[in-house]
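Biologist: I would like to learn how to read ring pairs and helix packing in a model. Could you take me through them one at a time?

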Amino acid sequence: MTVAARRKRAENGRAVFDRELADLPQDLRWREWMGRIEATLFASAAPVGREDLARVVGQGVCVEILIDDIQAELVGRPYELAYVAGGWMFRTRPRFADAIKAAADLDEQSPAFTDMEMAVLCAVAYHQPIDRAGLADIFGKDISRDLLSRLRYKDLIAIGPRSPRPGAPHTFVTTAEFLAMFDLQSLRDLPELDL
């Protein structure tokens, strides 16, 4: 779409998002697409999938090549572009964790999870879909609804399919937020269990 065509549409009150940028030279077009992807990722608190990123660039543009070019520009920067939980997101490089903790005074905060919350998260991750009775079998005691609600509120677990047990109770499964928090692309990346 030419600049004149864009102006005409804008004057008619129907501003259109120009994905193709055909009126720009190729190098400037590529730079603009890289900027759009960076801005989209920067504004998102969660990983952004390929389909969502493809909405901001021209048809037929390879999002993965744009991502590769952005990653190349970030070499040596304190943050990186990582593929996590089915999408890309910016994250701080691990070597800067101590600086962030010091600046945010995180050493004095309570841990993000209690030992029991972490144990239940692990049990759900490795045994999903799992219901409360299945968790009770693992821990030898009933798991409180409050604990499960806290994990659901943090969006780390979600309701899964009904269990085949009598009464068909709901099961629990991990979420994309769980994968992102623990830097996993999928559940296949969970460490092997040492039994």
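Modeller: We will go from the overall fold to the aromatic rings and then to one pair of helices. Please keep in mind throughout that this is a predicted model.

Biologist: Which secondary structure elements does the chain contain, and in what pattern do they follow along the sequence?

Modeller: The secondary structure comes to nine helices and four strands, and, read along the sequence, these elements follow the pattern α-α-α-α-β-β-α-α-α-α-β-β-α. Of the 195 residues in the chain, 31% count as buried, while the chain exposes about 12,500 Å², with carbon and sulfur atoms supplying 54% of that area.

Biologist: How should I read an aromatic pair, and how many does a search of the whole structure find?

Modeller: A pair of aromatic rings is described by the distance of the centres and the angle of the planes. Here, a search of the whole structure finds five aromatic pairs. In one of them, Tyr 79 and Phe 90 lie 5.9 Å apart, centre to centre, with 80° between the planes, and the pair is edge-to-face. Because Tyr 79 belongs to strand β1 (residues 79-84) and Phe 90 to strand β2 (residues 87-92), this pair ties together parts that are 11 residues apart in sequence.

Biologist: What kind of pair do Phe 178 and Phe 182 make?

Modeller: Their ring centres are 5.0 Å apart and their planes stand at 50°, so the pair of Phe 178 and Phe 182 is tilted. Phe 178 is buried, with a relative accessible area of 4%, and Phe 182 is partly exposed, with 30%. Ring pairs also link Phe 113 with Phe 178 and Phe 182 into a cluster.

Biologist: Turning to the helices, how do the axes of α6 and α7 cross?

Modeller: Two packed helices are described by the angle between their axes and the distance between the axes. In this model, the axes of helix α6 (residues 115-127) and helix α7 (residues 132-139) come within 11 Å and cross at roughly 115°, which means that α6 is roughly perpendicular to α7. The crossing of these two helices, α6 and α7, is right-handed.

Biologist: Which residues of α6 and α7 meet?

Modeller: From α6, the residues Met 116, Ala 119, Val 120, Ala 123, Val 124 and His 127 meet Leu 135, Ile 138 and Phe 139 of α7.

Methods:
Residues are numbered from 1 along each chain as its sequence is written. This is a predicted model: local features need pLDDT of at least 70, side-chain atom pairs count only at pLDDT 80 or more; totals for chains, interfaces and linings use all residues. Side-chain values use heavy atoms; hydrogens and water are left out. Rings of Phe, Tyr and Trp (its six-membered ring) pair if their centres lie within 6.5 Å; planes under 30 degrees apart count as stacked, over 60 as edge-to-face and the rest as tilted. Buried means under 20% relative accessible area, exposed over 50%, partly exposed in between (1.4 Å probe, protein chains only). Accessible areas come from the Shrake-Rupley method with a 1.4 Å probe; for residues, only the protein chains shown count as cover. Axes are lines fitted to C-alpha atoms, for helices over the stretch in contact, and angles run from 0 to 180 degrees between N-to-C directions. Angles under 35 degrees count as roughly parallel, over 145 as roughly antiparallel, 65 to 115 as roughly perpendicular and the rest as oblique. A crossing is left-handed if the near helix is turned anticlockwise from the far one by less than a right angle, and right-handed if clockwise. Contact means heavy atoms within 4.5 Å.
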